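Here are some friendly notes to read alongside the model. Take the points in order, and keep the 3D view open as you go.

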Amino acid sequence: MSTMAVSARSRSKAPCRVFFCTILCLSLLILPSRATKVCQTFQPLKRNQLNMGTTMVVAAAATFPRGGGAAKITATTAPAASSTTISSALILKSFLKTIADARSHLAAAAAARAVSIFSMYPVDTIKTRMQMKQGDAFRLSGLYKGCAGSLVGQVPYGVLTFGSYEIYKQALLNKFPNTKPALIYALSAILGDVTGSGWLCPSEVMKQQLQAGLYPSMSEAIKGIWSKSGIAGFYQGFTGGLARDVPFRVAQLTTFEVTKSLYLKAKKGRTGDDNAALSAVEAAVCGAAAGSFSAAITNPLDRIKTLMMTDTANAYGGSVVACASKILKDEGIGGLFAGVAPRVGYIAPSVCIFFVTYEFVQQKMQKKE
């Protein structure tokens with residue numbers, strides 16, 4: 001086997017290794033040493049807390065290889081294995097309890113996410129084509145190509161990010177009780193995104209390659225990606241996705257808090273009511289403004305992610321730095337902002353559609369209850 005082939009195979013496996021190592025490191029860093037402590041301190045969240053978590057995280061999954069050798073089981077090693085098994089079971093129990101307690105919010109959020117994605121999907125397709133510098137980016141054919149795969153990835157992703165967000169949040173609050181809650185919420189949202197990305201990345205790869213016209217159908221995309229790179233092919237551009245999503249989440253949360261604070265200050269000054277709060281419509285507007293700003297400033301990272309996920313010939317080097325360097329060399333600084341208009345135009349309406357649908361479904365479900 002040639003050195004070039006070995007190098008290409010190593011690069012194809014790198015995203016999977018990054019994902020697994022990231023989740024392992026986060027688990028060791030965030031989760032308390034004893035899972036019993038997690039379950040003892042984990043209390044069912046109040047309805048308003050669940051609503052906040054769902055809106056913040058949903059509005060906007062890992063396996064590990066086993067390795068070798070017959071180890072001698074002694075009195076020292078046996079309890080460790082037992083402890084690990086118990087820890088995993090208790091953490092999973094906490095996760096499932098979180099999902100069960102929030103099922104009405106998650107159902108509403110899932111419906112809202114599906115409607116917003118489906119409604120704005122053509123704009124997302126146009127953005128992908130523009131980022132790939134396709135001359136016929138605005139052609140009407142194929143605007144919904146890959147939509148089904150996107151929904152399969154995005155809706156469960158919302159459940160995973162929300163559930164893991166609540167687990168991370170509770171663990172961090174217990175471990176760092178003197179830290180400002182706002183920082184804990186932001187970090188937990190980011191960690192939730194990282195965890196959920198393990199499910200999301202394969203659907204994003206298929207979606208973007210279908211949008212780019214590299215495959216005629218989802219079944220062909222699955223076959224093609226698998227035959228070329230195996231499971232690692234579905235995690236092509238994973239690091240690019242993280243490089244985009246983490247800064248986007250930080251910018252979005254920060255901008256939303258600042259926008260909300262300024263709006264409430266103006267509203268209190270106008271009405272004289274010190275207890276004034278945001279309505280659902282006002283929250284949607286603030287969310288849309290924050291999302292649009294965040295989408296604009298992170299567009300360079302979004303383009304890098306798009307090119308990495310659609311780069312079947314490894315023309316962009318397979319890494320964030322190599323891809324960015326090639327864009328700058330070939331197209332200059334302006335190349336990093338290709339597709340910025342449809343990206344911003346996608347985010348703002350999506351947030352508004354999400355909030356409207358979420359409130360509608362929630363009200364219907366509450367009437368049934």
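1. How many helices and how many strands does the protein chain have? The protein chain has 13 helices and zero strands. Here helices are DSSP runs of H or I with at least four residues, strands are runs of E with at least two, and both are numbered from the N terminus. Read along the sequence, the pattern is α-α-α-α-α-α-α-α-α-α-α-α-α.

2. A word on what you are looking at: this is a predicted model, in which local features need pLDDT of at least 70 and side-chain atom pairs count only at pLDDT 80 or more, while totals for chains, interfaces and linings use all residues. Residues are numbered from 1 along each chain as its sequence is written, and side-chain values use heavy atoms, with hydrogens and water left out.

3. Of the 369 residues in the protein chain, 44% are buried (buried means under 20% relative accessible area, exposed means over 50%, and partly exposed is in between, with a 1.4 Å probe and protein chains only). The accessible surface comes to about 18,600 Å², and 65% of that belongs to carbon and sulfur atoms. Such areas come from the Shrake-Rupley method with a 1.4 Å probe, and for residues only the protein chains shown count as cover.

4. Salt bridges are worth a look next. The whole structure holds 16 of them, each being a side-chain nitrogen of Lys or Arg within 4 Å of a carboxyl oxygen of Asp or Glu. One joins R249 to D193, with the closest N and O atoms 2.5 Å apart. R249 lies in helix α9 (residues 238-271) and D193 in helix α7 (residues 181-211), so this pair ties together parts that are 56 residues apart in sequence. R249 is buried at 4% relative accessible area, and D193 is buried at 5%.

5. Which residue meets D245 in a salt bridge? The partner is R244, at 2.7 Å from N to O. D245 counts as buried at 15% relative accessibility, and R244 counts as buried at 13%.

6. Move along to helix α12 (residues 320-331), where D330 and K326 lie four residues apart, about one turn of the helix. Salt bridges that share partners also join D124, K127, E204, K207, R244, D245, D302, K305 and R343 into one network. Back in the pair, the side chains of D330 and K326 meet in a salt bridge of 2.9 Å, N to O. D330 is partly exposed at 49%, and K326 is partly exposed at 29%.

7. Which residues of α12 are buried? They are C323, A324 and I327. These residues cover an arc of only 95 degrees around the axis, so they sit on the same side of α12; the arc is that of the directions from the helix axis to the C-beta atoms. On the other side of α12, V321 and K329 are exposed.

8. Finally, look for a nonpolar surface patch of about 290 Å², made by L328, I333 and F337. Patches are made of residues with over 30% relative accessible area and no salt bridge, with like charges joined within 9 Å and nonpolar side chains (Val, Leu, Ile, Met, Phe, Trp, Tyr) within 5 Å. L328 is found in helix α12 and is partly exposed, with a relative accessible area of 43%.
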